[in-house]
Amino acid sequence: MVKIAEQDTSLLNLFNESRSLIEKDSSPLVNQWRTKAEEAFKQLGIPSNKVEAYKYTNLQPWFKAQYAYSFSENGYQGKIDEIFKCDVESMESHTVFMVNGKFIPGSNGNVLPQGVVIGSFSELAKKHSLIIEKYYSKIAPVTEDGMVALNTMFANDGIFIHVPAGKVVEKPIQIVNILTGEKDLMVNQRNLIVIEENAQARVLFCDHTLTQSRFVINSVTEAQIDATANLDFYNIQNQHNGTIQVGGYYFNQEKQSVLNANYFTLHTGIARNNIFARLGGEHAENHISGLYLIDKNQHVDNFSYINHAVPDCESNELFKGVMDDASTGAFTGRILVAKDAQRTNAYQSNNNLLLTENAKMNTRPQLEIYADDVKCSHGATVGQLDDNALFYLRARGISKEEANILLRFAFAYEVIEKIQMPELKEQIRELVEKRFRGELDKCDSCVVCGQVDKNAMRCV
Amino acid sequence: MLKIKDLHAKIDGKEILRGINLEVKAGEIHAIMGPNGSGKSTLAAVLTGNEAFEVNEGEVEFNGEDLLDMAPEDRAREGLFLSFQYPVEIPGVSMTNFMRTALNEQKKHKGEEPLSASDFLKLMRDRKKLVDIDSDLTNRSVNEGFSGGEKKKNEIFQMAMLDPKLAILDETDSGLDIDALRIVANGVNKLKRSDNATILITHYQRLLDYIEPDYVHVLYKGRIVKSAGKELARELEEKGYDWIKKEFEE
């Protein structure tokens, strides 16, 4: 067994010193997992690039106990409507705010269908013990991934969404994750989403930074999608260059369930997405897509793992990236088809557009197929803008700069097309175009609740 | 309108154009014919500013300005149009967006106001009717999944939209079935005016049954070796290019 790296003990010490404070407001069922997580973390530590899954993103330099921690800092002291002012008239969503990983009470606007619960994980975990007992830490690999272990040790608050059987939440549930404060900060946010049988929901995570401080985020989202249920999930990441975010998204799908998950990394420092889905019921359908637009020294690493555990399921995966300057990226697409998972359809592709000689991309498909009657495909491309297309556009009078933007947008378009909600699709389309024109304001990422008071919210 | 003087151009160090002289005036249609590899497409590429080719000698004047000094987009904005021999597929860019961007950039260059959405759509409808193309084509991405004939028709549609002073049609006829050829030729004829001009680059005489040229030039080994009226095209059709090759073999 590899001995835990020196720097990790600082986080263990922090945990032991603060454990009583972390556990004070938490459900006993959540607290039960901390010891197990601590044991795992002692073995796993923060992954360096020597860990195969983290080969292209070394997290060790960033995750140390040197930052203020959100449970003691407790994030934000003021009132949310002093930072964000939403025009309620135009708000076509259930919008809730999280500041530094903590749920802000009273921010839930619209009336929800009966029985649907959206709110603070810390609060609701205490009320809904049955759900916690059934799903908490059962979907994310607590003992296998050092980052999940770390999150489970420190887990305190986050978003809790429960859609009971047969309920349909028509308006999107928007979670605006805000990072703010004068001090550098570490956040371990923990979210749980449960969509019961034949229920439907659309969940949108928007990740922002409001101050220049360094933010180190390690969030874990577990989502259970029961039989014939439907979840549309979107993550729009628009954070400043000093942000390091590890986002773990762990989905468990039952039979005939449908998941659409879309990841848009518009601006960030270092981003690592762990996107895991287990297809555990026949005829489950899984569509995951991602678009990353990066420049300067930004780094994005999408690691996906689709586990076809049973027969007759389908998965489609498409990740695309446009990379400028000295940005670096990585993509891993692991697909596991279990021995009995016959008639599996699993498709995957990753395409990258490198705009400079200094941009770098590492892409690796990893298919492990143990069944013999399957259709699987994977493809990866890394290329430059097409000179012929560029000339064709210019020969019609379109400037070189404009032709460049058109072609980059054309490349990204396929991913934007995957968005199921027309209003959101249009807004993302505009954001992407702004990003290519260098006009993207980080405030813009609050896409549904777009009416923000400019004086109250300062973006960096 | 266009004056080409002793134009030499090369690609990868190999000289393809070896002293072209040509003058095109407003209201004229010129046909440039010649065997494969004679430099016909290179001439079109050099005139529109394809950076793969290097001009090592000569000059080209377009409406009194130095054409070779301009970027490809500025040549287009000054009224030069190339119908590509191989139009490029651009998935993700809609025909509508493409044409609107192109048209408005050209308008901006002339100091005119951009077209409103409704005026633009009206113009598109008119032009589609004029060149007789399926309205379906403009709802798709630029050339994506178009057949060879559809691509060529789409070039003529773009020409109708942008209304150039000088259009160069680079083998727009090759591979076209007779119906598509008629549509293309019709489009060119309808767009012809006394203040614009056309250069048809073609290997075959057939297109010239539908579009009547004022002059026919034969390009061979990077030079124009023969110029005459439209009767030259018929002669080439009957005798082939071998007699030209024999006559001008070095």
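This is a predicted model: local features need pLDDT of at least 70, side-chain atom pairs count only at pLDDT 80 or more; totals for chains, interfaces and linings use all residues.
Begin by displaying both chains and selecting the residues in contact: 30 residues come from chain B and 18 residues from chain A. Together the two chains bury about 1900 Å², with carbon and sulfur atoms accounting for 66% of that area. Next, select B:E73, B:F84 and B:V88, which contribute 25% of the area that chain B buries against chain A, more than any other three residues.

Turn now to the charged and polar links. Three salt bridges are counted between chain B and chain A. To view a salt bridge, select B:E51 and A:R394, whose closest N and O atoms are 3.5 Å apart. Eleven residue pairs are in polar contact across the interface of chain B and chain A.

Colour chain B by secondary structure. On the side that touches chain A, the elements giving two or more residues are α2 (72-77), β6 (80-83), β7 (90-94), α3 (95-109) and α5 (148-162) of chain B. Of the elements on this side, α3(B) gives the most, with six residues. Sorted by class, this side of chain B has 16 nonpolar, nine polar and five charged residues.

Finally, select residues 387-394 of chain A, helix α8. Six of its eight residues are buried, so helix α8 is largely enclosed by the rest of the structure. The buried residues are A:A389, A:L390, A:F391, A:Y392, A:L393 and A:R394. A:R394 is also the partner of B:E51 in the salt bridge viewed above. At the N-terminal end of α8(A), select A:D386, which caps the helix: a side-chain oxygen lies 2.9 Å from the backbone nitrogen of A:N388.

Definitions and conventions. Residues are numbered from 1 along each chain as its sequence is written. Chains are lettered from A and ligands numbered from 1 in the order in which they are written. Side-chain values use heavy atoms; hydrogens and water are left out. Contact means heavy atoms within 4.5 Å. Buried area is the accessible area (1.4 Å probe) that two parts lose on being put together, summed over both. A salt bridge is a side-chain nitrogen of Lys or Arg within 4 Å of a carboxyl oxygen of Asp or Glu. A polar contact is a pair of N or O atoms within 3.5 Å; within protein, one must be able to donate a hydrogen and the other to accept it, and residues adjacent in sequence count only if both atoms are side-chain atoms. Helices (H or I, at least four residues) and strands (E, at least two) are DSSP runs, numbered from the N terminus. Ala, Val, Leu, Ile, Met, Phe, Trp, Tyr, Cys and Pro count as nonpolar, Asp, Glu, Lys and Arg as charged, and the others, Gly among them, as polar. Buried means under 20% relative accessible area, exposed over 50%, partly exposed in between (1.4 Å probe, protein chains only).
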